[in-house]
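Dear colleague,

Please find below the structure that I am handing over to you. I would be grateful if you kept it open while reading the notes that come after it.

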Amino acid sequence: MDNARETIKNVARIAFRLRARGAMSALRNRGGVAIMIGEALRESLSGKLSPGEKGWIVKIEQLRRSLCASRLVAPIRDFGARRSLRETYDRNDAGCRVVLRSIGDICRDASKSPFWCLMLLKLVEKLRPATCIELGTSLGISACYQAAALEMQGNGTLVTLEGADSLATFARENLQRVGLKNVHVAVGRFQDILGGVLETSQKVDFAFVDGHHEENATLAYFSQMLPYLSAGAVVVFDDISWSDGMRRAWQAIVQNEKACLSIYLRQMGLCVICDGGREKMKIRMPLV
Ligand SMILES: C[S@@+](CC[C@H](N)C(=O)[O-])C[C@H]1O[C@@H](n2cnc3c(N)ncnc32)[C@H](O)[C@@H]1O
C-alpha cells in the first residue's frame, strides 16, 4: 500500500515537473513580462534565495512565528466570505459581524503560506512595479513580503486595504516591527475605499487580491481596477479554486479582452494586462 502511494506521488511529481518545464518555456518564448513571471515562478519553486531575500524572509518568518504563537484575543470585524452565506458584495454591512479571535488563530488561518509569500516577493522583485495594491491585509504578512521586495529594489510603494480596523492596527505595528515603511494600510470595506485608493494611485502595476473571495465581488474589484492597471500590470488572485463562484470568476477574468496572459496555479491565478492586439495565452500549472 505504502509502495503504491509512493509510486503515485512520484508519478505526480514527474508530471508536475514536466508541466512546469513546458510552462516555463512557453513563458520564455512569449517574451516581455512573461519572462519575468517565469523567472519568479522558477526561483520560487527551487527556493533559490539571494542573501538580501534571505535576510528579509528570516525577519518576516520570525514575526509570523511570534504572531502564530500569540494567545492575545481581539475583537475583529469579520469580512471573510463564507460558502454558506449568499454573496455579500451588495450588502451594506458586507455580511460583517464582530467576533473574538486570537491573533494566533488569525495568523494560521488567514496569512498566505511561506511558499506563496515567496512567490509574491519574487514577482514584485522581478517585475519592479512602482505602485502596488493589496486587497486583504489581515496581520500584514503578505504585505511584508511584497514591501520587502520593493525595499530591495529601492523603489515603489504598496497600499494594502483592510476592513477590520483592529487588524489594520496590528498590521501597521507588524510592518514597523520588521522595519518596512513603504506601505500604507487603508482601512475600510473594499467596496467603499478601493475607488479612492485607485484615484490616488492613478496607475497600478501590481495587485494582489486576497479578500472577499466571492464571484460578484471579485469581478467587481477587477472591473474597478481595470482602467487604472498599466500595460503589463500583473494581478494575482488568491483562492480561485475555493468555490464554484470563484472558479467562474477566474474564467471570466481569463476571458477579459485586456487579460492577454493568464497563469492558473490552482490556488492562485495570475493575469497580465495588455493594451490589446496580443494573442491570448493561457497557461495551466496547477501547484499542489
Ligand atoms: C485572507 S485575509 C488576507 C491575508 C493576507 N493577505 C496575508 O496573506 O497575510 C483577507 C482579509 O481581507 C479582509 N476582507 C475581506 N473582505 C473584505 C471587504 N469586503 N472589505 C475589506 N476587507 C475585507 C478580511 O478582514 C481579512 O483580514
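Predicted model: local features only at pLDDT ≥ 70, side-chain atom pairs only at ≥ 80, totals over all residues.

Residues are numbered from 1 along each chain as its sequence is written, and side-chain values use heavy atoms, with hydrogens and water left out.

Rolling a probe the size of a water molecule over the atoms shows where empty space is left. On a 1 Å grid over the protein atoms alone, a cavity is a set of points where a 1.4 Å probe fits but cannot get out, while a pocket is an open set with protein on both sides within 12 Å along at least five of seven lines; lining residues have an atom within 4 Å of a point. Grid points are joined across faces, edges and corners, and a volume is the space filled by probe spheres set on the points.

The structure holds one cavity of 30 Å³ or more. The largest cavity has a volume of about 50 Å³, and its lining consists of Met24, Arg28, Ile35, Gly38, Glu39 and Arg42.

The second largest pocket has a volume of about 160 Å³. Phe16, Arg17, Ala20, Arg21, Met24, Arg28, Arg42 and Leu45 line this pocket.

Yours sincerely
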